[in-house]
Amino acid sequence: MPLGSGGDGKAGTRRVMVVDRERFSDLICKMLSGRYQSLVAVDGLQAVRALKETPPDVIVVEMAIPGGGLRLAELVGMSPKFNHIPVVLTSANPSLDIVLKAKEAGVSSYLAKPFRPSELLSRIEQALSEQVVSGEPSAEGSAQESGAASGTPEPGVAVEGAKRTIRDRVRKIDGLPVFPATHAEIMKLAKSENATSEALAEQIKMDLSLLATILKLVNSAYYGLRKKVDSLKVAVSLLGFEEIANLVMSAQVFQNLGGYKNKLGLDLKGFWRHSVGTGFVARCVAKKLQTESETAFLAGMLHDLGKIVLDRFFPDYYIQVMNLVKGGEMSIHQAEEEVLGLTHAEVGGQLAAEWKFSENLQNVIMFHHAPDQARRYQRLVGLVHLADAICRTLQFGSGGDMLVPQIDPAVMDRFALTEKGLQMFAETAKEDLEDAESFLMALG
């Protein structure tokens, strides 16, 4: 059954989007008849598309729809445009695990099938009342309800509250790993007057797999060390605390998010080549500009973090993103907005905040496509913005689409760069990228 309307809702009646198989959606629409206008979608992808065209006041979604009802609820909760819409999740196979996951995903209510019309209407009314109490806007967006008279928070407070809500939803994506605090601990040690390589070694030795990876990275061709290093203490003395900390974080991100299989989504090998390549290019450019070279590598490597999250945990939806970019006329950033209503930059930025990455990294991940919107750390954000474009120009790995991002003129002005200067950066970066291959092999 294609997307459409059901029931005989009158003009001005609140809208309920029903996402379920045809025979169930017909039945639910009859339950809603006379009380609500119903919109129907047969799967999660169709529902996301419909949200942009006709935003509902409530979504009633079946757990077992193609794309997953829980995943749809998570996407809605993460979207700055749609996270005010409450979701009622239904399932014919209720379990405590499903109920708990629904709660974690921010679902307003859970309803086991079969249910009576009165039960459904009660849950919808409850969801709507909670929406009004929370001060979130309805789909009808009544302007006169805003302002101090209605008790609505000041704009800045409302925005920060929305960010916290989205961050909380991102953190609770079903299956998302908890990020280890090793990097933060190393950086804390580095700032301590009593920092020692022994203390650093103790932090890393608790994870033997991580230790092995760090030593492989240290011995990669990039560092060009004459003798093989098999001691973490020696590695620290040669490279320093911050460099080792960055290697730790690179390895942990790869271990936590890189190990999965996908058939039709993101080109994983190409993605990691692009990520590492952007890190190498960012460091190269930073050295030329004599600024933030150590931070630049890590920022460049992590800038597309959100893509791997969306591809891994929302595969049915992200495949459609990849299908849109195949023609070569649309960027992955635009395709994400078109299909999902949010982008990898938004998801990655909020996840970086939840995982307590440093503020400069958070800003890079959130604003690398829009450096003019970054309120802080604009120099580092602009640096990675440049590196991303250069890496794509050199075709090292894949950023997910076939387009080279247009460099923001303000970034060119900030670094006093001309087209000729940009070309020189690209030529220099080529040499660094030759060493990136061994780094990638060590990363696994």
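The structure is a predicted model, in which local features need a pLDDT of at least 70, side-chain atom pairs count only at pLDDT 80 or more, and totals for chains, interfaces and linings use all residues. Residues are numbered from 1 along each chain as its sequence is written, and side-chain values use heavy atoms, with hydrogens and water left out.

The pLDDT is the predictor's confidence in each residue, from 0 to 100. The protein chain averages a pLDDT of 85, and 89% of the residues score at least 70. Helices and strands are DSSP runs numbered from the N terminus (H or I and at least four residues for helices, E and at least two for strands). Among the elements of the chain, the highest mean pLDDT, 97, belongs to strand 4, and the lowest, 54, to strand 1 (residues 4-6). Over residues 132-153 the pLDDT is below 50; this stretch has 22 contacts in the model beyond near neighbours in sequence, a contact meaning heavy atoms within 4.5 Å.

Burial is judged by relative accessible area (buried under 20%, exposed over 50%, partly exposed in between, with a 1.4 Å probe and protein chains only).

From strand 4 the chain crosses through helix 3 (residues 69-78) to strand 5 in a right-handed β-α-β crossover; right-handed means that, with the strands pointing away from the viewer, the path from the first strand over the helix to the second runs clockwise.

Helix 3 is itself mostly covered, with 10 of its 10 residues buried; among them are Arg71 and Glu74. Helix 14 (residues 305-313) is mostly covered too, with 8 of its 9 residues buried, including Lys307, Asp311 and Phe313.

Helix 19 (residues 378-393) holds arginine 379, which is partly exposed because its relative accessible area is 32%. Arginine 379 touches Leu289, Thr291, Glu292, Arg414 and Phe415, leaving aside residues up to four places away in sequence. Phenylalanine 415 is 36 residues from arginine 379 along the chain, yet their C-alpha atoms are separated by 8.6 Å.

The structure holds 6 aromatic pairs. Rings of Phe, Tyr and Trp (its six-membered ring) pair if their centres lie within 6.5 Å, and planes under 30 degrees apart count as stacked, over 60 as edge-to-face and the rest as tilted. Phenylalanine 271 and tryptophan 272 have ring centres 5.1 Å apart and planes at 80°, so this pair is edge-to-face. Tryptophan 355 and phenylalanine 357 form a tilted pair, at 6.1 Å centre to centre and 45° between the planes; both are buried.

A search of the whole structure finds 0 disulfides, counted as pairs of cysteine sulfur atoms within 2.5 Å. Cysteine 29 counts as buried because its relative accessibility is 7%, and cysteine 391 counts as buried at 0%.

A few backbone details complete the picture. Most residues other than glycine have a negative phi, and most peptide bonds are trans. Lysine 113 and proline 114 are joined by a cis peptide bond, with omega about -5°, and proline 114 is found in the loop between strand 6 (109-112) and helix 5 (117-133). Lysine 356, in the loop between helix 17 (344-354) and helix 18 (359-367), has a positive phi of about 60° and counts as exposed at 68% relative accessibility. Alanine 416 has a positive phi of about 50°, lies in the loop between helix 20 (409-414) and helix 21 (419-443), and is exposed, with a relative accessible area of 67%.
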